[in-house]
Amino acid sequence: MSGDYWQREPDQLDGVPPPELQPGVLGHEAALLDLRGRLGAGRLPGGILLHGPLGVGKATLAFSIAREIFAATGDESPEHISEQVGAGAYPNLFVLRKAPRDTGKGYYTVVRVEEVRNVIHRLQQTRGRAGHRVVIVDPIDDANPNATNAMLKILEEPPADTTFFLVSHRPGSLLPTIRSRCHPIALRPLGDDEVRAVLRRTRGELDDATIERAAALAGGSPRRGFEALLLGDAQLLTALRLWLDAPGRPPASAHLLLADGLGASRDGAESRFGRDILIQWLAEEAKAAAIAGTRGRLASANELWDKAIALFADTDEYNLDLRQTLVSVFDAIKRHARTHLVVTEPL
């Protein structure tokens, strides 16, 4: 069990319903409009690549639209379909994730070719129900090379009335042939209002201030918002967010306290969350620099990204001092900010 829910995936959060039990999608209207239009016209493609940042609702959207597909093409009520999908028992739905180990302890670290071949074999059998069939791979990024090749073969000639939803957090790392055989749909981070709505839907007993604090840390990702709720007041993360709003601003030593706190427990949830916030900020700054068209800022932002990613990778591989790594990353961000961003004095 994971909180009040049967555990379906290794990274499932306590007390948070998995994607197949979410009542529906909040946000992502353009993606839903695209998919519903194709469903209504009877033109669902054999492969659909749902890509975007981790935790923004890609798998939730896949399960939600799958229920709509079953209701539109089958002969059962939406209520019965939802009940069976939530229980993992709907015959026309096939889900590929990291599987539990045969020993019963933990999960495999990849989606294995055995699981892919098993789904392909089942697709070749007599249908369990009338209507369209759906395969959800959550995420395709976890498939090992053999599993990816097996998936590629079935995508080349998908079975009739069958759609594969491939969820990806890192579409650039996928085989070009996988991407070329799928209709791509990009999902962006949600707005703060939408994140708050997702959090309230599951944790409606919490006060507005708690929800607001989690949404502010979420960065458009409901999953990150739920992680923030599990961390409690998350004072360090709130302080990190405030510092990143203007990293070139005095006092000069403010980042040292952040490095002390986040570096104290390198494998702790708050530390991992802090690293995610930093990486997201670096990515957003590189994107902003590219949009601004300022060559110096863009070159500096790209250099900053490369340096931070390399430092974090070396820290993990060689078990280096995370505090010192954070100090180096913070110093580099400060230099970039003072040269290329507007520095404001504290109020």
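## Second largest pocket

Residues are classed here as nonpolar (Ala, Val, Leu, Ile, Met, Phe, Trp, Tyr, Cys and Pro), charged (Asp, Glu, Lys and Arg) or polar (the others, Gly among them). The lining of the second largest pocket has 15 nonpolar, three polar and six charged residues. A pocket is an open set of points on a 1 Å grid over the protein atoms alone, where a 1.4 Å probe fits, with protein on both sides within 12 Å along at least five of seven lines; lining residues have an atom within 4 Å of a point.

The volume of the second largest pocket is about 600 Å³, taken as the space filled by probe spheres set on the points, which are joined across faces, edges and corners. Of its 24 lining residues, Trp6, Gly88, Val95, Leu96 and Arg97 are the closest to the centre. Helices (H or I, at least four residues) and strands (E, at least two) are DSSP runs, numbered from the N terminus.

## Basis of the values

The model is predicted, and local features need pLDDT of at least 70, side-chain atom pairs count only at pLDDT 80 or more, and totals for chains, interfaces and linings use all residues. Residues are numbered from 1 along each chain as its sequence is written, and side-chain values use heavy atoms, with hydrogens and water left out.

Ile81, Gln84, Val85 and Gly86 of α3 (78-86) are buried, where buried means under 20% relative accessible area, exposed over 50% and partly exposed in between (1.4 Å probe, protein chains only). The cover over these buried residues includes α2 (58-73) and β2. Just after α3, Gly88 has a positive phi of about 70 degrees.

Asn92 sits in the loop between α3 and β2. Asn92 counts as buried because its relative accessibility is 1%. Its side chain reaches the backbone oxygen of Ala130 at 3.4 Å. Contact means heavy atoms within 4.5 Å; beyond its neighbours within four places in sequence, Asn92 is in contact with residues including Phe70, Gly128, Arg129, His132 and Val134.

## Salt bridges

The structure holds 20 salt bridges, each a side-chain nitrogen of Lys or Arg within 4 Å of a carboxyl oxygen of Asp or Glu. Arg129 pairs with Glu76 in one of them, with the closest N and O atoms 2.9 Å apart. Arg129 lies in the loop between α4 and β3 (133-137) and Glu76 in the loop between α2 and α3, so this pair ties together parts 53 residues apart in sequence. Arg129 is partly exposed at 24% relative accessibility, whereas Glu76 is buried at 19%.

Arg97 forms a salt bridge with Asp138, the closest N and O atoms being 3.5 Å apart. Arg97 is in the loop between β2 and α4 and Asp138 in the loop between β3 and α5 (145-156), so parts 41 residues apart in sequence are tied together. Both partners are buried, Arg97 with a relative accessible area of 9% and Asp138 with 8%. A network of salt bridges links Arg8, Glu9, Glu20, Arg97 and Asp138. Within helix α1 (residues 29-40), Arg38 and Asp34 lie four residues apart, about one turn of the helix, and their side chains meet in a salt bridge (2.7 Å, N to O).

Terms used: Polar contact = N/O pair within 3.5 Å; in protein donor to acceptor, adjacent residues only side chain to side chain.
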